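Good morning, and thank you for joining this group meeting. Please take a moment with the sequence and the model before we go through them together.

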Amino acid sequence: MECVRSGSGVLDPRCSPRFLGKKGSSPTSCGKATSTNLAICTKHEQNLHGNVKPSQLAASGSSYSVHRSPVLKQRQNLSARSTSADVYTTFDENVRAVSSHAAEEKVGVLLLNLGGPETLDDVQPFLFNLFADPDIIRLPRLFRFLQRPLAKLISTFRAPKSKEGYASIGGGSPLRKITDEQANALKVALKKKNLNANIYVGMRYWYPFTEEAIDQIKKDKITKLVVLPLYPQYSISTSGSSIRVLQNIVKEDSYFAGLPISIIESWYQRDGYVKSMADLIEKELSIFSNPEEVMIFFSAHGVPLTYVTDAGDPYRDQMEDCIALIMGELKSRGILNSHTLAYQSRVGPVQWLKPYTDEVLVELGQQGVKSLLAVPVSFVSEHIETLEEIDMEYKELALESGIENWGRVPALGCTSSFISDLADAVVEALPSASALVTKEVDESDSDMDLMHYLSKMFFGSILAFVLLLSPRLISAFRNTLL
Ligand SMILES: C=CC1=C(C)c2cc3[nH]c(cc4nc(cc5[nH]c(cc1n2)c(C)c5CCC(=O)O)C(CCC(=O)O)=C4C)c(C)c3C=C
Ligand SMILES: [Fe+2]
């Protein structure tokens with residue numbers, strides 16, 4: 001029997017750690033992932049007030065880029081896990097890479113995703129983890145010490161609103177379940193393509209955390225790893241953040257430093273993805289009584305504008321490119337509907353990518369658009385922002401604004417053409433797997449850079465000043481002397 005074990009989605013009860021008589025990572029277990037730098041603990045201790053103390057999940061390491069500081073990730077998790085399976089990432093112990101690869105090769109595929117609260121009690125600690133990420137709230141280096149207190153503050157203030165949202169979709173995020181299903185489907189699709197691989201799920205802000213998946217990859221002695229973020233387009237705030245976690249670990253751990261890794265940073269441009277999206281759109285359009293009159297309304301998750309304008313996030317460009325590809329595919333099928341792109345889910349007072357979904361919906365209603373098909377395009381699973389924000393809030397707003405016929409394209413989920421294309425992407429990425437080369441620039445190096453820069457500025461200005469004035473000084477000197 002081959003088992004695919006995962007956090008919440010054990011396919012066959014016989015595969016559960018308990019049934020197998022294996023010791024899982026219990027809620028009080030603490031596995032050391034590396035000798036020095038990564039410790040994964042899932043320990044929950046009751047404090048005097050009956051609350052559960054935050055779990056300690058600390059990963060330290062120097063940053064690979066001058067613009068990033070080392071992050072001591074201390075995740076807040078106030079909810080106790082009840083089963084040992086909960087802390088497992090999706091993996092398969094007994095699979096060995098075969099096909100064209102060397103017999104002893106063990107291929108791993110690490111799926112990176114955001115993660116979501118599974119219960120309402122998880123919401124605040126999940127939000128804390130999210131806002132404590134320096135790729136989500138980007139503070140200047142000097143103010144980084146405020147990251148965690150700020151995360152605590154924002155998560156506490158936002159939790160009631162978020163909880164309402166999660167309550168309205170059944171009390172938690174479906175993300176873990178869907179990601180596990182995608183992992184299982186990918187495993188099957190890879191097998192069909194003659195590649196046996198262990199599939200791991202690593203979430204950025206909730207179980208199973210990326211660090212846990214990485215711990216398991218090491219235990220399984222994987223010899224080649226393909227990293228596949230489940231975001232079609234790259235953003236600093238999503239794939240970038242997860243890859244940073246990975247990179248921080250890689251350069252501190254000799255096993256990972258030597259492990260051939262291939263990272264698929266974005267894949268929205270792949271034919272399989274574009275065609276699968278077009279299939280879904282075509283199918284939903286056909287449900288309308290007058291399909292050709294329907295406006296295709298792409299709604300992408302936003303990011304703060306400065307990510308694109310100041311930090312060079314390619315997200316907006318990739319999103320626009322992605323929409324053009326999907327529309328091109330539809331055109332080639334004779335589907336010539338009008339379309340628009342807007343950005344949803346903004347948080348906080350700063351400017352986000354525009355136009356905003358809610359504002360565009362109102363404008364379209366005012367302009368007399370009567371039929372609209374919403375297409376969530378930045379994510380491949382159903383989640384709170386499709387199930388609550390689009391299906392409830394935006395639908396209501398659209399209908400109030402004069403739009404009469406509303407439809408929504410489902411997320412790709414386990415659509416077979418899509419999963420098969422992801423499997424192709426993995427197979428294609430394997431040959432380019434190589435040890436990740438990271439530039440060793442740690443905090444002290446960066447501080448040195450800053451000191452270096454300041455001293456250069458200081459002495460440079462003095463020198464410039466002296467040089468600028470020197471002819472005059474000399475002549476003034478001369479004049480006084482003469
Ligand atoms: C490509 C997708 C996403 C981008 C880009 C992104 C950026 C981003 N998100 C926040 C803040 C929040 N995101 C939240 C949930 C959430 N975000 C994404 C995807 C992207 N985020 C998903 C799929 C989810 C849902 C997960 C789920 O549980 O179903 C939340 C929590 C929900 C809420 O309170 O609204 C917040 C907060 C920021 C600040 C940001 C860019 C900087
Ligand atoms: Fe988000």
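Which side chain has an N or O atom 2.5 Å from an oxygen atom of ligand 1? The side chain belongs to Y166. Such a pair is a polar contact, defined as two N or O atoms within 3.5 Å; within protein, one must be able to donate a hydrogen and the other to accept it, and residues adjacent in sequence count only if both atoms are side-chain atoms.

Before I continue, some conventions. This is a predicted model, in which local features need pLDDT of at least 70 and side-chain atom pairs count only at pLDDT 80 or more, while totals for chains, interfaces and linings use all residues. Residues are numbered from 1 along each chain as its sequence is written, chains are lettered from A and ligands numbered from 1 in the order in which they are written, and side-chain values use heavy atoms, with hydrogens and water left out.

Let me stay with the ligand. Around ligand 1 there are 29 residues, of which R158, S162, Y166, S173 and H301 come nearest; a residue counts as near if one of its heavy atoms lies within 4 Å. S162 has a polar side-chain atom 2.4 Å from an oxygen atom of ligand 1. For S173, an N or O atom of the side chain is 3.0 Å from an oxygen atom of the ligand.

How confident is the predictor? Its confidence in each residue is the pLDDT, on a scale from 0 to 100. The chain has a mean pLDDT of 78, with 69% of its residues at 70 or more. Residues 1-75 have a pLDDT below 50, yet this stretch has 201 contacts in the model beyond near neighbours in sequence, a contact being heavy atoms within 4.5 Å. Residues 462-482 also have a pLDDT below 50, and that stretch has zero such contacts. For the complex, the predictor gives an ipTM of 0.94 and a pTM of 0.75.

I turn now to helix packing. Helices (H or I, at least four residues) and strands (E, at least two) are DSSP runs, numbered from the N terminus. Helix α3, residues 147-168, packs against helix α12, residues 384-400, at an angle of about 90 degrees, with the axes 9 Å apart. Therefore α3 is roughly perpendicular to α12, a label for angles of 65 to 115 degrees. From α3, the contact is made by S162, G165, Y166 and S168; from α12, by I384, E388 and M392.

Next, some details of the backbone. A cis peptide bond joins Y207 and P208, with omega about -10 degrees, and P208 is in the loop between β5 (197-203) and α5 (210-219). Another cis peptide bond, between K354 and P355, has an omega of about 0 degrees. P355 is in the loop between β9 (339-344) and α11 (357-366). The loop between β9 and α11 also holds S345, which has a positive phi of about 65 degrees although it is not a glycine.

Finally, consider T340, in strand β9. Which residues does T340 touch, not counting those up to four places away in sequence? They are M295, I296, F297, F298, V360 and L364. T340 and V360 are 20 residues apart in sequence, and their C-alpha atoms are 9.1 Å apart in space.

Note on methods. Axes are lines fitted to C-alpha atoms, for helices over the stretch in contact, and angles run from 0 to 180 degrees between N-to-C directions. Angles under 35 degrees count as roughly parallel, over 145 as roughly antiparallel, 65 to 115 as roughly perpendicular and the rest as oblique. pLDDT is the predictor's confidence in each residue, from 0 to 100.
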